[in-house]
Amino acid sequence: MIKVGIVGGTGYTGVELLRLLAQHPEVKIQAITSRTEAGMSVAEMFPSLRGRIDLKFTSPAEAKLQECDVVFFATPHGVAMAQAKELLAAGVKVLDLAADFRLKDTAEFTKWYGMEHACPEILAEAVYGLPEINREAIKKARVVGLAGCYPTSVQLGLAPLLASASTGGKALIDGTHIISDSKSGTSGAGRKAEIGTLHAESSDNFKAYGVKGHRHLPEIVQGLKAIAGHDQIGLTFVPHLTPLVRGIHSTLYVRLTEAGLGVDYQKLYEDFYQNEPFVDVMPAGSHPETRSVRGSNGLRIAVHRPGNGDTLVILVVEDNLVKGASGQGVQCMNLMFGLPETTGLTQIALSP
Ligand SMILES: NC(=O)c1ccc[n+]([C@@H]2O[C@H](COP(=O)([O-])OP(=O)(O)OC[C@H]3O[C@@H](n4cnc5c(N)ncnc54)[C@H](OP(=O)(O)O)[C@@H]3O)[C@@H](O)[C@H]2O)c1
């Protein structure tokens with residue numbers, strides 16, 4: 001059994017990790033931390049876990065995380081990088097759901113997150129946690145910086161168009177002019193109290209935010225450059241808050257090049273993702289709904305070419321807490337421990 005520790009067990013991604021890992025046949029949850037709720041039983045805070053998890057929250061200092069095989073950090077940025085060195089020295093693998101191990105450039109990290117990076121040497125060996133793109137590296141990794149929620153939807157939505165293996169080296173789209181119009185449910189902002197996510201503020205309402213620059217922009221651009229194998233990427237990324245609890249819907253707009261006009265994009269996407277257990281390319285003409293992935297690790301994509309013109313529109317849906325966070329974390333853990341990638345992740349989405 002894999003001994004798992006979770007730092008930040010009271011947040012939304014933390015409780016989602018508990019839900020998934022309680023059903024994982026190869027996992028023993030060893031420790032769950034909370035600074036504010038130390039001593040409280042997990043089932044008291046989350047009755048959905050009654051009879052499934054018989055543990056109490058402990059403070060991070062008392063959690064004996066060095067005795068685990070792997071520790072998930074479901075915490076704000078800055079927490080994992082402060083503890084990674086000690087855990088790695090004790091032979092513990094680290095999976096961070098925050099941004100500490102995503103951006104490879106420490107100056108970019110400081111610019112967007114307002115703090116110095118605490119361990120650039122560990123950042124250098126960390127692997128970006130997006131299995132469909134980085135599977136082989138994740139298998140060998142000691143530290144994984146899980147892809148963010150919006151970045152997962154945008155990168156997997158665009159990968160077939162940019163990956164040189166699928167395009168035969170030809171530029172099918174103008175990579176310098178990509179538009180991502182993305183929407184997220186309010187659980188994306190976490191469980192902490194904030195005015196913007198109060199029911200009276202966010203229900204029956206719809207707004208964009210972060211148009212000038214959002215922290216996920218440099219992460220997505222870094223990822224798209226790596227997929228494309230070149231630096232000529234320009235992205236306009238506009239996130240929106242929707243009155244959903246769970247779900248991300250990204251609508252991606254790209255302009256085709258001359259070389260890209262004659263391509264069958266439905267086939268390109270189906271071929272690219274044919275062996276991926278969690279990516280579903282829907283039939284031509286589909287409009288995927290966020291509820292078709294609610295509670296599951298699946299991500300659904302539909303490719304449209306309105307009027308057979310030179311603009312391609314790609315629709316992507318995922319559950320921000322599963323494929324956008326904790327499910328992707330379990331998927332990476334499975335790879336890191338040599339398990340079948342789908343272990344513990346075969347839940348079907350809730351409908352309605
Ligand atoms: N929500 C999403 O959809 C989503 C998706 C992808 C990635 N993420 C990322 O995942 C991380 C967690 O997100 P979330 O939505 O679950 O946040 P959250 O609901 O606000 O929960 C944060 C958790 O971290 C703990 N915590 C806070 N500061 C800590 C510290 N200094 N040391 C130890 N524990 C600390 C909190 O518990 P105590 O205060 O009781 O210790 C709480 O359990 C964030 O970095 C977020 O950006 C979130």
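This is a predicted model: local features need pLDDT of at least 70, side-chain atom pairs count only at pLDDT 80 or more; totals for chains, interfaces and linings use all residues.
At the start of helix 11, the backbone nitrogen of Gln266 has a side-chain oxygen of Asp264 within 3.2 Å. Helix 11 spans residues 265–272, and its buried residues are Tyr265, Gln266, Leu268 and Tyr269. Viewed down the axis of helix 11, these buried residues fall within an arc of 165°, so they line one face of the helix. The elements covering them include helix 7 (149–162) and helix 8 (164–167), together with strand 11 (279–281), strand 12 (299–304) and strand 13 (311–318).

The axes of helix 7 and helix 11 lie 9 Å apart and form an angle of about 110°. Helix 7 is therefore roughly perpendicular to helix 11. By class, the contact between helix 7 and helix 11 has 8 nonpolar residues, 1 polar residue and no charged residues. Helix 7 contributes Gly157, Leu158, Ala159, Pro160 and Leu161, which meet Tyr265, Leu268, Tyr269 and Phe272 of helix 11.

Not counting residues up to four places away in sequence, Ala325 touches Thr13, Leu97, Leu146 and Asn320. Between Ala325 and Glu37, the separation is 288 residues in sequence and 23 Å in space, C-alpha to C-alpha.

Note on methods:
Residues are numbered from 1 along each chain as its sequence is written. Side-chain values use heavy atoms; hydrogens and water are left out. Buried means under 20% relative accessible area, exposed over 50%, partly exposed in between (1.4 Å probe, protein chains only). Helices (H or I, at least four residues) and strands (E, at least two) are DSSP runs, numbered from the N terminus. The arc is that of the directions from the helix axis to the C-beta atoms. Contact means heavy atoms within 4.5 Å. A polar contact is a pair of N or O atoms within 3.5 Å; within protein, one must be able to donate a hydrogen and the other to accept it, and residues adjacent in sequence count only if both atoms are side-chain atoms. Axes are lines fitted to C-alpha atoms, for helices over the stretch in contact, and angles run from 0 to 180 degrees between N-to-C directions. Angles under 35 degrees count as roughly parallel, over 145 as roughly antiparallel, 65 to 115 as roughly perpendicular and the rest as oblique. Ala, Val, Leu, Ile, Met, Phe, Trp, Tyr, Cys and Pro count as nonpolar, Asp, Glu, Lys and Arg as charged, and the others, Gly among them, as polar.
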